[in-house]
Amino acid sequence: FRNFYGFAVSDTKCGPYDICPDTTTIRVRYNEFRNGRHMFVQAFDALNYSFSNNLVAGLTPLGNITPVGLDYDAGESKPTIAHNTFAALACDGAAAAVEIRSRAANAYVHHNIFESSCGADLDTPTDYGAQPLILRNNVYGSRIGSVGSAQDNITTQSPGFANAGGGDFHLRETAPASVAINAGMTPSQATLLGLSLPSQDLDGPAGTRVIGSRVDIGAYEAAVNDASILTVTNANDSGAGSLRAALLSANAAPGAQRIEFDIPGACPRLISLDSPLPDITDSVEIDGYSQPGAQANTQSIGTDAELCIVVLSDSTTLAQALQVPEAAPASTRLAVQGIGFAGATGFNGNFTVAIRLRGGRDHLIHANAFAGTGPGSIGSLGFLNFGLQIRGTAQNATVGGPEPEHRNSFGAMLSSAIVLNDATSSGHTLQNNYFGLSASGVLASPIELNGIFASASPDIEVLDNVFAAIPNAAALSITGATATGYVIRGNKFGTAANGIPAAHFRNQTGIQIASGSGDHEIGSLLGLAQSNLITNSAGAGVWILGSAGGGTLVRPNRIYGNGVDGIGLGIDLGSLGPLANDANDGDGGGNAGQNWPTITASVPNADGTRQVSVALESTEETSFRIDVYRSPDCPGGDRGGNMLNRIGTITTTTGLFGDAAFDVALSGAGSPGFLVATATNLATGDTSEPGPCFEETLQTELLVDGFE
């Protein structure tokens, strides 16, 4: 974008009683903005916000206007503002060149270059509800505002561009070399902080990340390599130049090693194994994108990636392709990207599981294809029994990541795609992956058991994934008394990657919780925007069995069109089908059998809102959050209502006898329709099933003063 007066991206500001466009993501990546006036990127409603890998150069606003404003006002997740180069910015009275606000606490601003002729290069104000930011591995000369912490930033030297006067803001590789080269985090450091490094720089597939032991700061990666590289030069099972030999060398050399590929011939190159590869006992990164012809994905939905390295079993079923054993040192880290893992059908053999993580920490498994139909020209990868198993003492693994180039695809599994076992393995993040879909995101690639089966492992984040074509079990199954503390947000269940459901994308159940598991967040207690999309289940959308524990919060989400086989609610407690309310709410079971609220009236107000009457009978003197949803239909009968558009949320407290009744003015947009409500106990986090459907009707005043 060149020579613009203003560049603005913003979604609709959505109040607690408004129905707004369902904006989930604002993403500005891999762009150049040159010689304009000013730009502004703001998220009011969108849960996900990313401004990364951009060049912003030569902006000169008129008047007291900040050249660049980046605001994240939603507050539920953390924004990504990383790997940008802001250069040659000027000000006409503004306090700083770049102003960044975030309502999410402890958000990282990392690996950016801020360079300007303004009074300050960077402003991080905390007005209008903004929270302090964490600055890591940035380059800037001066800063104003408040931060939570600042670490490993370069503040006393200029960035060192190749030719800033000529508009070339690549990093200077000749002496004196740029201070930003190899000055960022190591991949392990980034993973430990919950951050993901990009797979490419602003130059696109021709530029790679990470070259060297650490990522460069800014939008461009220099070719300066200070790391130890092991290169795979053939597709043999063993011997010099093989992947097996490279892993043996990596284990023998102290410190982290990087394995790259340069195998002659056209893509894909098939590495057929006679036995599992050597156990990983020292940190290593395996980068399939280093093979000539490979490229990372750039598409928000679907893929334009090309994978050129495929690993498969030669003739028999092998236990795994790669494994970090439980006996490996706790510091051992495995990173794998850009690899296809193939199984039976079309290939000779199979793996019981492609990758097994039993020890170590901070593993990163992203941008791979596990069976099914891979990206680009790679075609079918056959079937696998399991894609990935994480158990033992493995800690803080990241599978996928926040950006499109991090996404894994899991398809055509004979069992479950990802299995999490053991209470001693925790802290993992599973983000932005496709389950039961081809890498394109629009074709079903069915999984026979679960997309994710989690047994005993605690404190897991399941974010921004798509689960589809899992017809025989729950897409996400969580079981076991130690499987607690899951955060489940931004996922789609029962749809293609574009959010459109169809019969061939149907899951048996969306989310299932059993056997003492509890204390999960499916959505967010404080969130205003809809979080997960859960639809097209043969049974329940969210099924919290009677054997489950308590404390699973389910709000606010977009849940509709479940119970296709005739039984199962959007949120179902205990046995499938409606649960009856009980006196004083003492029945117990999953989520303590939380009683549901009843809507008794909805009449129009003169200002366009509707006056809605709600009643709840539950435990005495307890505070509840009541969420009211409007949908165009009630497909499952009186208790089978949808939770499509949340139109309001109210906090109320029951009295001495456990009763609460109140009226509230809610948005009238989209009425008439069918209303349902859910109740969440604010002390325990237990969310109820949806209450009975209440059908709104159009009401016309025939007399000026109404009826008497």
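The model is predicted, so local features need pLDDT of at least 70 and side-chain atom pairs count only at pLDDT 80 or more, while totals for chains, interfaces and linings use all residues. Residues are numbered from 1 along each chain as its sequence is written, and side-chain values use heavy atoms, with hydrogens and water left out.

Strands here are DSSP runs of E with at least two residues, numbered from the N terminus, and two strands pair if DSSP finds at least two bridges between them. Six strands make an open, parallel sheet in the order β1-β4-β7-β10-β13-β16. Its edges are β1 (6-10) and β16 (143-145); each has a single partner strand, so one side of each lacks a neighbour in the sheet. Within this sheet, β4 (residues 38-43) runs parallel to β7 (residues 68-72) and is joined to it by five bridges. M39 has V68 in β7 as its bridge partner.

Another open sheet has five strands with parallel pairing, ordered β3-β6-β9-β12-β15. Here β3 (32-34) and β15 (139-140) are the edge strands, pairing on one side only. Three bridges link β3 in the parallel sense to β6 (residues 55-57), and E32 is opposite L55 of β6.

N450 counts as buried because its relative accessibility is 6%, and buried means under 20% relative accessible area (1.4 Å probe, protein chains only). The N450 side chain reaches the backbone oxygen of A474 at 2.8 Å. Leaving aside residues up to four places away in sequence, N450 touches residues including S415, I470 and S477, where contact means heavy atoms within 4.5 Å.

Technical notes. Helices (H or I, at least four residues) and strands (E, at least two) are DSSP runs, numbered from the N terminus. Buried means under 20% relative accessible area, exposed over 50%, partly exposed in between (1.4 Å probe, protein chains only). A polar contact is a pair of N or O atoms within 3.5 Å; within protein, one must be able to donate a hydrogen and the other to accept it, and residues adjacent in sequence count only if both atoms are side-chain atoms.
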